[in-house]
Amino acid sequence: MRKILQILPVQFILPLFIIGGIIAGLGAYTFYMSRAYSYLSDSPEACINCHIMTPYYATWEHGSHAKWTNCNDCHVPHDNVIEKYAFKAKDGLYHAAVFTMRGEPMGIRAKEASLGVIMDNCIRCHTELNTQLAKPGAKCYADVKAGNAQACWDCHRDVAHGTQSNIAATPNALAPLPKSPVPDWLKKQMSKE
């Protein structure tokens, strides 16, 4: 560090630290206010940090899977922890970009990469049902794409978000509000004034 500072003219050192501090502070503030840390969890409430996901949260919450699953059980890979968080990061950055630019469609649908993950997770959770009771034999999504099998949702259309899942389908959907990012000490200070 000293070698780098010795290369710079003396008048640039203080402004460099001030600008670096501002960038680090704004980055930490953005991380905190956007609740970016919540996306490291498996909590379904993390998915409704974006208000646009509220109808999907509501349809999941009132569906058959709510008692047993969370969003990540269906929507992210479970092969290993690195793949799980890499997929969450890629998906999350895509969602953030689309929502920030207000480019979301009326009906949000899973992309091709997500469809494979979702079907793999259906098979993972329902292996016994598929192999012992129903006997259809669990196929993979590659078989579906090749036209040699049906996707789980071809028959189970209402699972987990219903057939009418879009932004306008549940206009009065109730979902828990995200916790306020304002610290308690600051709320107390503001209420005194």
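The secondary structure of the protein chain comes to 10 helices and zero strands, in a model that is predicted. Read along the sequence, the pattern is α-α-α-α-α-α-α-α-α-α. A search of the whole structure finds two salt bridges, and the largest nonpolar core has nine residues.

**Overall dimensions and surface**

- The radius of gyration of the protein chain is 23 Å, whereas a compact globule of 193 residues would have one near 16 Å.
- Along its principal axes, the C-alpha trace of the protein chain spans about 75 × 50 × 30 Å.
- Buried residues make up 23% of the 193 residues of the protein chain.
- The protein chain exposes about 13,800 Å², and carbon and sulfur atoms supply 64% of that area.
- Among contacts between residues at least 6 apart in sequence, 64% join residues at least 24 apart.

**Helix H2 and Leu16**

- Helix H2 covers residues 10–33, and Leu16 is found in this helix.
- Leu16 and Leu5 are 11 residues apart in sequence, and their C-alpha atoms are 10.0 Å apart in space.

- The largest nonpolar core is made up of Ile48, Ile52, Met53, Tyr56, Tyr57, Trp60, Ala66, Val98 and Phe99.
- Helix H3 (54–61) and H5 each supply at least two residues of this core.
- H3 gives the most to this core, with three residues.
- Another core, of seven residues, lies apart from it and includes Leu115, Met119, Ile123 and Tyr141.
- Within H3, the buried residues are Thr54, Pro55, Tyr56, Tyr57, Ala58, Thr59 and Trp60.
- H3 is largely enclosed by the rest of the structure, because seven of its eight residues are buried.
- Ile48 is in contact with Met53, Thr54, Tyr57, Ala175, Pro176 and Pro178, leaving aside its neighbours within four places in sequence.

**Salt bridge Lys84–Asp42**

- Lys84 has its place in helix H5, which covers residues 81–100.
- Lys84 forms a salt bridge with Asp42, and the closest N and O atoms are 3.1 Å apart.
- Lys84 lies in helix H5 and Asp42 in the loop between H2 and H3, so the pair ties together parts that are 42 residues apart in sequence.
- Side chains of opposite charge can pair when their charged atoms come close.
- The two partners fall into separate accessibility classes: Lys84 counts as buried because its relative accessibility is 12%, while Asp42 is partly exposed, with a relative accessible area of 32%.
- Lys84 touches Val76 and Pro77 as well as Asp42, not counting residues up to four places away in sequence.

- Glu104 forms a salt bridge with Arg102, and the closest N and O atoms are 3.4 Å apart.
- Glu104 is buried, with a relative accessible area of 14%.
- Arg102 counts as exposed because its relative accessibility is 57%, and the limit for exposed is over 50%.
- Arg102 is found in the loop between H5 and helix H6 (112–125).
- Arg102 is not a glycine, yet it has a positive phi of about 55°.
- Most residues other than glycine have a negative phi.

Methods
Residues are numbered from 1 along each chain as its sequence is written. This is a predicted model: local features need pLDDT of at least 70, side-chain atom pairs count only at pLDDT 80 or more; totals for chains, interfaces and linings use all residues. Side-chain values use heavy atoms; hydrogens and water are left out. Helices (H or I, at least four residues) and strands (E, at least two) are DSSP runs, numbered from the N terminus. Buried means under 20% relative accessible area, exposed over 50%, partly exposed in between (1.4 Å probe, protein chains only). Contact means heavy atoms within 4.5 Å. A nonpolar core is a set of buried Ala, Val, Leu, Ile, Met, Phe, Trp, Tyr and Cys residues joined through side-chain atoms within 4.5 Å. A salt bridge is a side-chain nitrogen of Lys or Arg within 4 Å of a carboxyl oxygen of Asp or Glu. The radius of gyration is taken over C-alpha atoms; the globule rule is 2.2 Å times the number of residues to the power 0.38. Accessible areas come from the Shrake-Rupley method with a 1.4 Å probe; for residues, only the protein chains shown count as cover.
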